[in-house]
Amino acid sequence: MRFKKLFPIFLLVMSMLCWAANFHITKITLDYYSPLGVATWRFFFGVLGLLVIMYLQFGKKLFRFKFSQKEWLYLFLTGFFGIFLTIYFFNFGLQTTSAINGSLIIATSPAITAVFSFLFVRKKVGILQWLAIALSFFGVALILVKGDLMKLAELQFEVGDVYILMMATVFSLSQIIVGKYLAHIDAALMTTVTSTLSLILFAIFSIPELMAVPLPTVPEFWASILFMGLIGTAFAYTAFYFCVVKVGATTSTLYMNLIPFFTVLLAFPFGEKLYGVQLVGGVIIITGLVLFTLAKNDPGLKKMRARLK
């Protein structure tokens with residue numbers, strides 16, 4: 001019984017570690033190839049890995065699965081928002097922003113998911129939780145303007161940081177779709193289908209580049225692509241969507257708070273520097289998210305809300 005409770009937590013932690021590594025490894029691949037080209041090759045190997053996982057899990061039943069028209073619609077929307085647009089914004093964002101900046105902005109996903117849950121699922125959010133969300137967004141704003149709040153008034157942001165914020169938004173939206181409409185579908189199956197749909201989209205949009213630009217022959221590039229495809233995609237996405245179904249979208253995305261922590265730890269071997277404004281903004285974001293969690297789970301606040309009803 002205890003193993004069943006701890007297993008999703010273990011998978012979430014490992015998924016966050018893999019995604020933190022992706023921030024640094026993606027920047028390596030972008031030195032050799034275009035963002036769309038990198039995404040296409042990443043998901044080519046990712047889908048191959050997923051098919052192996054699926055065959056080991058289901059055997060010949062793999063080819064007998066059927067979905068309704070509504071399920072196909074939600075699978076497509078999950079793939080489009082949760083993978084295609086997410087990785088599109090991710091790759092283009094990391095061209096002009098640091099891995100640490102990107103990971104800190106991504107940490108707002110739980111707050112964005114909570115807002116979407118309120119808007120689309122009518123999940124109630126308390127006053128203290130709204131304050132926590134606002135605090136997290138202030139931390140992001142601080143990072144976006146590099147500590148100069150005058151830039152906020154003038155809407156002067158780095159393009160890469162804005163891309164990463166858009167990534168966090170579309171990824172959070174996909175979690176609502178999964179939690180509400182696809183919870184009954186096996187995580188590995190759902191990840192395989194959505195990743196395959198995304199691979200098709202990436203391939204279509206990157207055809208001109210794939211035909212015109214020669215493939216890199218550097219071993220570092222292909223080792224990075226294989227890691228992102230097999231570990232950062234096949235394993236991490238399957239594990240994460242499994243946990244979304246088991247423990248819920250909001251709880252699962254809360255573990256994304258670990259991404260900045262792991263990204264900072266990995267920054268030193270990858271030779272990336274940590275700046276003061278990133279540290280301050282990151283502390284504000286994490287404080288807001290911890291406050292959000294405490295407000296959500298505090299029994300005293302729950303009783304107070306119950307009396308007010």
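Trainee: Which residues does Ser-172 touch, not counting residues up to four places away in sequence?

Mentor: In this predicted model, Ser-172 touches Ser-109, Ile-112, Thr-113 and Phe-116 once residues up to four places away in sequence are set aside. Ser-172 itself is found in helix α8, which covers residues 159-181.

Trainee: Why is Ser-172 called buried?

Mentor: Buried means under 20% relative accessible area. Ser-172 has a relative accessible area of 0%, and is therefore buried.

Trainee: What makes α3 roughly antiparallel to α8?

Mentor: The axes of helix α3 (residues 69-93) and α8 come within 8 Å and cross at roughly 160°. Angles over 145 degrees count as roughly antiparallel, and α3 is therefore roughly antiparallel to α8. The crossing of these two helices is left-handed.

Trainee: Which residues of α3 and α8 meet?

Mentor: On the α3 side they include Tyr-74, Leu-77, Phe-81, Leu-85 and Phe-89, and on the α8 side they include Tyr-163, Met-167, Val-170, Ser-174 and Tyr-181. The residues of the contact of α3 with α8 divide into 17 nonpolar, 6 polar and no charged.

Trainee: How do you know that α2 and α9 are roughly antiparallel to each other?

Mentor: The axes of helix α2 (residues 35-58) and helix α9 (residues 187-212) come within 8 Å, and they cross at roughly 155°. The cut-off for roughly antiparallel is an angle over 145 degrees, so α2 and α9 are roughly antiparallel to each other. In the contact of α2 with α9, the residues divide into 17 nonpolar, 8 polar and 1 charged.

Trainee: What is the handedness of the crossing in which α2 passes α9?

Mentor: The crossing of α2 and α9 is left-handed.

Trainee: How many disulfides does the structure hold?

Mentor: The structure holds 0 disulfides. A disulfide would need a pair of cysteine sulfur atoms within 2.5 Å.

Trainee: Are Cys-18 and Cys-243 buried or exposed?

Mentor: The cut-off for buried is under 20% relative accessible area. Cys-18 has a relative accessible area of 7% and is therefore buried. Cys-243, with a relative accessible area of 0%, is buried as well.

Terms used:
Residues are numbered from 1 along each chain as its sequence is written. This is a predicted model: local features need pLDDT of at least 70, side-chain atom pairs count only at pLDDT 80 or more; totals for chains, interfaces and linings use all residues. Side-chain values use heavy atoms; hydrogens and water are left out. Axes are lines fitted to C-alpha atoms, for helices over the stretch in contact, and angles run from 0 to 180 degrees between N-to-C directions. Helices (H or I, at least four residues) and strands (E, at least two) are DSSP runs, numbered from the N terminus. Angles under 35 degrees count as roughly parallel, over 145 as roughly antiparallel, 65 to 115 as roughly perpendicular and the rest as oblique. A crossing is left-handed if the near helix is turned anticlockwise from the far one by less than a right angle, and right-handed if clockwise. Ala, Val, Leu, Ile, Met, Phe, Trp, Tyr, Cys and Pro count as nonpolar, Asp, Glu, Lys and Arg as charged, and the others, Gly among them, as polar. Buried means under 20% relative accessible area, exposed over 50%, partly exposed in between (1.4 Å probe, protein chains only). Contact means heavy atoms within 4.5 Å.
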